[in-house]
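Here are my notes on this chain, point by point. Please read them with the structure open.

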Amino acid sequence: MAQTLYFSLLVIALCSLSEGIQRRYHYINMTKTWTEAQRYCREKYTDLATVNNINDLNELKKTVNNNQEFVWIGLKRPGINEWKWSLGDPVTYLNWETEPSTDTNNCAVMRNGKWHQQDCNVRSQFICFNGVSKDFIICQSHTFLLSCDQGTIKVLSANYGRTHRQTCSTGRPDDQISNVQCSLNTSLSAVATRCDGETSCSMVVNNTVFTDSCDGTYKYLNVSYECVEAPPNSSKSYIINTSSTTWREAQSFCRQYHTDLTSVKNQTDNQLIHNIINDPHTSVWIGLFRDSWEWSDNTDSAFRYWDSGQPDNLDGSQNCTVTNMNNEGKWHDISCSVFYTFVCHEDELILIQKNLSWTEAVRYCRENHVDLVSVDSQKIQLMVTEVLHQAWTAEVWLGLRHSCSVGIWFWVNGEIVCMIIGLRGMKQQWTTVSVM
Ligand SMILES: [Ca+2]
């Protein structure tokens, strides 16, 4: 039993309604300036509302029981104008061709393996990545790369064709997407031949590689794979989308179909991505951007949901943010001294107690409208550590020294420990299970 505890992968299951720590939102039906609202939230709850992703925003919107157009949230400037990853990863590795200047070119592309500043409204190809998900779709003519940090690739399924009308349909004429009974039964062997047993492999998804199973239909590859004999989260896959879009459009696309615009965390990542771009003259958006907005609770979430034309800093002092309830909750920058109602949030860490394998725990979380959580800020990590200290003996957790951004990973006595953080009712419970 003790051996299991020390030498197998330990999982603490905590599911979440959204990425990051679940935040419970409280709408306050009183009008205050932004600073007064912040003070009120800090006294009564945790802080003025942080919004980490679209799920958070939808939860926040549900709490607003008033016909207010504008409602304060916790985003404010000036913070430090610094480069951030779209996913909220800490920026620890940079690979600029030349040091970035302070001009308004606030997004980054990779070209010939180096990073360049570029105006976010310029149209470029882009690169998405899949973090946790190992089952995904690549539209025809785009390129993908599968990668295992540890272990080797085993392709589980692949189908090149079209079985749904909506998938990869944007901008396509009706006759290219109407045939939804298009499958190619040799797709799996084509991908497996190239990828099985490798640590990384890339392919272009087109009719030359896979043969044309249905002439005239715009197709896509639906592929899933795993990293054999490797811990969960060893797999990373990248998809180059050859459509040209602005940085914001690219970010929306990646968040909708994959995880996000890609982060580049080290030289290995950089080389992998450089290899699949495979053209020294092509500029490809990566997830790096720069702004000077920051959250009241110091969460480093890079999620932004600006209304079109915003932020425009109209009178030069629009340094606070409201969500526009009359337009899908999209954001406007507004002078901080105006009076509006507001939303506070309360952080919660609530854990589930069940004996589950890693895979079962992920499934359990997803089936209960939850998913893997990210430790996307120092604050969340501190909260986790705090709860751990309350819950477990110090000996077990003395080894805590490392966390990564997707899921929570710690090394204990040289072995990886991962945690899935989650939410279930009001009661806090921690549990450990072995992943075999
Ligand atoms: Ca404005």
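1. Start at one residue pair. Met110 has Val284 as its bridge partner in strand 16. The two strands involved, strand 6 and strand 16 (residues 284-291), run antiparallel and are joined by 3 bridges. This is a predicted model, so please keep that in mind throughout.

2. Strand 6 has another partner. Strand 7 (residues 114-118) runs antiparallel to strand 6, with 5 bridges between them. Here Ala108 stands opposite Gln117.

3. A second hairpin is worth a look. Strand 18 (residues 320-324) pairs with strand 19 in the antiparallel sense, over 5 bridges. Asn324 has Lys330 as its bridge partner in strand 19. The hairpin has 5 residues between its strands. In the turn, Glu328 has a positive phi of about 55°.

4. Strand 19 covers residues 330-334. Because 4 of its 5 residues are buried, strand 19 is largely enclosed by the rest of the structure.

5. Which residue stands opposite Asn159 in strand 13? That residue is Asn222. Strand 11 and strand 13 (residues 220-228) run antiparallel and are joined by 9 bridges.

6. Helix 2 (residues 34-44) has two faces to compare. Its buried residues are Trp34, Ala37, Gln38 and Cys41. These four cover an arc of only 105° around the axis, which puts them on the same side of helix 2. The general rule is that an α-helix has 3.6 residues a turn, so residues three or four places apart point the same way. On the face turned away from the buried side, helix 2 carries the exposed residues Glu43 and Lys44.

7. Now the chain as a whole. The protein chain has 11 helices and 23 strands. Of its 436 residues, 40% are buried. Take the contacts between residues at least 6 apart in sequence: 81% of them join residues at least 24 apart.

8. Finally, confidence. The protein chain averages a pLDDT of 78, and 74% of the residues score at least 70. Over residues 390-436 the pLDDT is below 50. The model still has 128 contacts for this stretch beyond near neighbours in sequence. Residues 369-376 also stay under 50. For residues 369-376 the model has 39 contacts beyond four places in sequence. Where pLDDT is low, the predicted coordinates should not be read in detail.

Note on methods
Residues are numbered from 1 along each chain as its sequence is written. This is a predicted model: local features need pLDDT of at least 70, side-chain atom pairs count only at pLDDT 80 or more; totals for chains, interfaces and linings use all residues. pLDDT is the predictor's confidence in each residue, from 0 to 100. Two residues are in contact if their C-beta atoms, placed from the backbone, lie within 7 Å. A residue is buried if 20 or more other C-beta atoms lie within 10 Å of its own, exposed if 12 or fewer, and partly exposed in between; C-beta atoms are placed from the backbone. The arc is that of the directions from the helix axis to the C-beta atoms. Two strands pair if DSSP finds at least two bridges between them.
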